[in-house]
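Visitor: Hey, could you walk me through this one? I'm new to looking at structures.
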Amino acid sequence: MKTCIIYITVFCSFLFWSCQKELKDQQVSHATYPLHIIFRPVIKDQPLVPGQNHTNAFGEDYNISAFRFYVSKLGLKSNSATVPLPTETKYRLADAGLTNTLSFSLSTDQNTFSSLSFQLGVDSIDNVSGAQSGDLDPAKGMFWTWNSGYIMAKLEGASSYSSVPDGNFTYHIGGFSGATNAIRSISMQTPGGAPVTLNENKATTILIIADIDKWFNAVHPLKIADHAFVHSPGELAKLYADNYATMFSITEITEE
Amino acid sequence: MMCRTVISFLLFFITGILFFESCKKQADAIASLTPIQFTVPTGFPQPVYKFENNPLTQQGFELGKKLFFDGRLSKDGNFPCASCHQQFAAFATFDHPFSHGFNNQFTTRNAPGLFNVAWMKELHWDGGINHIEVQPLAPIEAENEMAETIDNVINKLKDDAAYRQMFKMVFGDEEINSQRMLKALTQYVAMLVSADSKYDKVKKGEASFTEAEQSGYHIFQSKCATCHVEPLFTDNSFRNTGLPVNDILKDVGRMRITGNPADSLKFKVPSLRNVYLTFPYGHDGRFYSVGAMIDHYRSGVVYGPTVDPLVKNKIAISNNEKVDLLSFLQTLTDSTFIADRRFARGE
């Protein structure tokens, strides 16, 4: 009878052990360093206020009503290798109109970094794989329904220089294949380029500013008077993508 | 001996409990679903659509069918998918060059028949849609078609207890989102397989062509089949067949999507299956009969820089050949398909 009980105990413990396996893997104790990433849309050195007027490098007045972009593949770089940051979802739609989409918390097992990188845009494969959900839900208004594909970044506003009758400008930038690829990799150095050491017990906040003024003048000069809208992939969309790829910079790293 | 019995019993009991407990939640949702097998007709290639990502079930198909026939997918309730895609016309718009849309507007292209869509890599005349699942978004949002927003459609579905029930049945919980709606619609549309015409019966040895049909088939094979490749009767390529541009529509076709001047005035090669049901013809429905379409290739082709080499010198088809060709093309009508009750509007 005693043997019998042992058998049963061993058998039962196997059962439970097999259930625990997955949990155990996740519990492997590595030091993790909490991070808090904040995107802050600005126009030059002022916080973005919808409807507020600004002037671009060509003396054109403008105000912004919408600004959204897809963030994916966040990574930290120290020395030479870029280590991906684990995230809950592959894509985040950052929307200047929804504060809760502009900041998020993550953690890493890297204790130091000197630059942060991410991909602005949606991978080719996710543009051709049918109906998606979450931040890729077409109901988010970032999907071209007549020419399948995601809008990687969207900027909308008004200017007296716009050539369209309602005085608006709408830049819907996308394109995922070959010659029309508007996906951009962004890499930002820490302020001063110095390595930053992360703290195991306190979250490190990385503040990234996104300067909308760069859409008009960075790598390419793009006047509102010349282009009031972009609504399809192509050469012009790529020029805007080149410009907005330069709009991001880390201005502040703090411990909470 | 006693010990063994106890162990065996416990083994059986515990395993049983664990099995049922762990699977209970999934089993509840899945047990009541009836799988449907997608059958690839004899001689057809494997479909492009990957059914493994959207397993077909009777309940998913029925939900898709309900959505297909539901006017609430449009702004004013008058334009379900089925308003332009009518079963008796092989799911094209019967006898209309353009279809009617919201607020007394017309579409700008001829509605294609919906069948064998699971074999299409790109959809629409210009190939702008790269996946069958996302196609419905185009007519839903087009201002001259269903003129609705995706959010509004989803909200209307959420307000309907019958839909909540059906989505829960198909997807395991009551959540309704665009992905689920599109997957369900795809289950219905992908099932629209047309492969039971007289032509198919002849191929299977169940019927035989008349003399005229047989002669027409030979003419078809030598003069049409490069683009209208059997058994789908299209190669799904984009070609300029020498149709002069409509000055009002100024439709550049494939170039609208690719931006490439070499694609100017190219349109998708349509399937010739059910061709007698899907008139009028051409991307803008300018040809009212199959005969008029053939006459275009005999004498109407207008030369331009992107006109397809296969038609630029026109196609020599004699009057007698044309008559036989017409006979053959009639054998592509699938009467079973258009009368199939599975695809008809539910009660």
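Predicted model: local features only at pLDDT ≥ 70, side-chain atom pairs only at ≥ 80, totals over all residues.

Visitor: How many residues does the largest nonpolar core have?
Guide: That core has 72 residues. Those with the most contacts inside it include Phe115(B), Ile132(B) and Leu185(B).

Visitor: Which helix gives the most to this core?
Guide: Helix H7 of chain B, residues 178–190, with seven residues.

Visitor: And what does Leu185(B) touch?
Guide: Leaving out residues up to four places away in sequence, Leu185(B) touches Gly64(B), Leu67(B), Phe68(B) and Pro136(B).

Visitor: New topic. Where does Asn116(B) lie?
Guide: Look in the loop of chain B between strand S2 (105–106) and helix H4 (137–141).

Visitor: Is Asn116(B) buried or exposed?
Guide: Buried, because Asn116(B) has 23 C-beta neighbours inside 10 Å, and the cut-off for buried is 20 or more.

Visitor: What's around it?
Guide: Not counting residues up to four places away in sequence, Asn116(B) touches Val193(B), Ser194(B), Leu232(B), Ser271(B) and Arg273(B). Asn116(B) and Val193(B) are 77 residues apart along the chain, yet their C-alpha atoms are separated by 4.8 Å.

Visitor: Okay, the helix. Which residues of H3 in chain A are buried?
Guide: Ala237(A), Tyr240(A), Ala241(A), Asn243(A) and Tyr244(A). They sit on the same side of H3(A), because they cover an arc of only 160 degrees around the axis.

Visitor: What covers them?
Guide: The cover includes strands S11 (149–158), S12 (168–174), S13 (184–189) and S16 (229–230) of chain A.

Terms used:
Residues numbered from 1 in each chain as written. Chains lettered and ligands numbered in written order. Core = buried A, V, L, I, M, F, W, Y, C linked by C-beta atoms within 7 Å. Buried ≥ 20, exposed ≤ 12 C-beta atoms within 10 Å, placed from the backbone. Helix = DSSP H or I, 4+ residues; strand = E, 2+ residues; numbered from the N terminus. Contact = placed C-beta atoms within 7 Å. Arc of directions from axis to C-beta.
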